[in-house]
Amino acid sequence: MSLLRAIHADITTLDVDAIVNAANSALLGGGGVDGAIHRAAGPRLLEACRKLGGCPTGEARITPGFDLPARFVVHTVGPVWHGGHANEAALLAACYRNSLQLAAEHGVQRIAFPAISTGVYGYPLDEATRIAINTVRGVTEDPAMPQEVIFCCFSARDLAMYEGEMLAPPGLG
Ligand code: ADP
């Protein structure tokens, strides 16, 4: 079982083995956390992403971190929220699962996630937070998975949501 924690930070500043990018399916950069990661990693990140040829929703791809303190960037494409009946929950869970799997294959021990899909993609924060925590808890029962998973919150409100959900008994709500 990995150590899970939530912090309030800019994910681009974290000195971890891998940070996760909430990318779009073209993997060519965008706004929000994606834009911040590309700015901080430098232009070589876009070059590396171009070679990947995109990524379907729910899947993950990996690149070096280039100018970032993090050694790798795991790019995953979260679902756009369409009201909850378009497989959003399964796709969001797949983002966390596939990102952790890919990171583990690259020897990552410490990984940080942003709150995938909860910005421009409109996923309700409470539901997205529960999926993030429950999925990571489930996947990291496997000892081959990263030892430490950090939920990197970009606002005090997001951090409070993660802290509340991490304290809640598993399986409720
Ligand atoms: P999505 O398109 O998946 O919704 P966004 O980038 O719009 O992605 O938002 C995802 C989350 O990332 C939001 O909670 C947003 O506040 C957060 N975020 C934006 N910039 C950063 C950053 N530099 N570090 C960590 N989280 C960030």
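This is a predicted model: local features need pLDDT of at least 70, side-chain atom pairs count only at pLDDT 80 or more; totals for chains, interfaces and linings use all residues.
Residues are numbered from 1 along each chain as its sequence is written.

Helices (H or I, at least four residues) and strands (E, at least two) are DSSP runs, numbered from the N terminus.

Attention now turns to the helix pairs. Two packed helices are described by the angle between their axes and the distance between the axes. For helix α3 (residues 88-105) and α4, the axes come within 9 Å and cross at roughly 40 degrees. That makes α3 oblique to α4. Here axes are lines fitted to C-alpha atoms, for helices over the stretch in contact, and angles run from 0 to 180 degrees between N-to-C directions. Angles under 35 degrees count as roughly parallel, over 145 as roughly antiparallel, 65 to 115 as roughly perpendicular and the rest as oblique. The crossing of α3 and α4 is right-handed; a crossing has this name if the near helix is turned clockwise from the far one by less than a right angle, and is left-handed if anticlockwise. On the α3 side, A89, L92, A93, Y96, R97 and L100 meet A128, I131, A132, T135, V136 and V139 of α4. This contact has 10 nonpolar, 1 polar and 1 charged residues. Two residues are in contact if their C-beta atoms, placed from the backbone, lie within 7 Å.

Helix α4 (residues 125-139) also packs with helix α5 (residues 156-167), their axes coming within 10 Å and crossing at roughly 50 degrees. These two helices are therefore oblique to each other, and their crossing is right-handed. L125, D126, T129, R130 and I133 in α4 meet D158, M161, Y162, E165 and M166 in α5. By class, the residues of this contact divide into 5 nonpolar, 1 polar and 4 charged.

Beyond residues up to four places away in sequence, F151 touches A6, F113, A132 and Y162. F151 counts as buried because it has 23 C-beta neighbours inside 10 Å. A residue is buried if 20 or more other C-beta atoms lie within 10 Å of its own, exposed if 12 or fewer, and partly exposed in between, with C-beta atoms placed from the backbone.

Leaving aside neighbours within four places in sequence, A40 is in contact with T12, D67 and L68, while L68 is in contact with T12, I19, A40, A41 and V73. A40 has 20 C-beta neighbours inside 10 Å and so counts as buried; L68, with 22, also counts as buried. L68 and I37 are 31 residues apart in sequence and 8.1 Å apart in space, C-alpha to C-alpha.

Most residues other than glycine have a negative phi. L27, however, has a positive phi near 55 degrees, and F66 has a positive phi of about 50 degrees. L27 is in the loop between β2 (18-23) and α1, whereas F66 lies in the loop between β3 (60-64) and β4 (72-77). L27 counts as buried because it has 23 C-beta neighbours inside 10 Å. F66 has 19 such neighbours and therefore counts as partly exposed.

Methods: Ala, Val, Leu, Ile, Met, Phe, Trp, Tyr, Cys and Pro count as nonpolar, Asp, Glu, Lys and Arg as charged, and the others, Gly among them, as polar.
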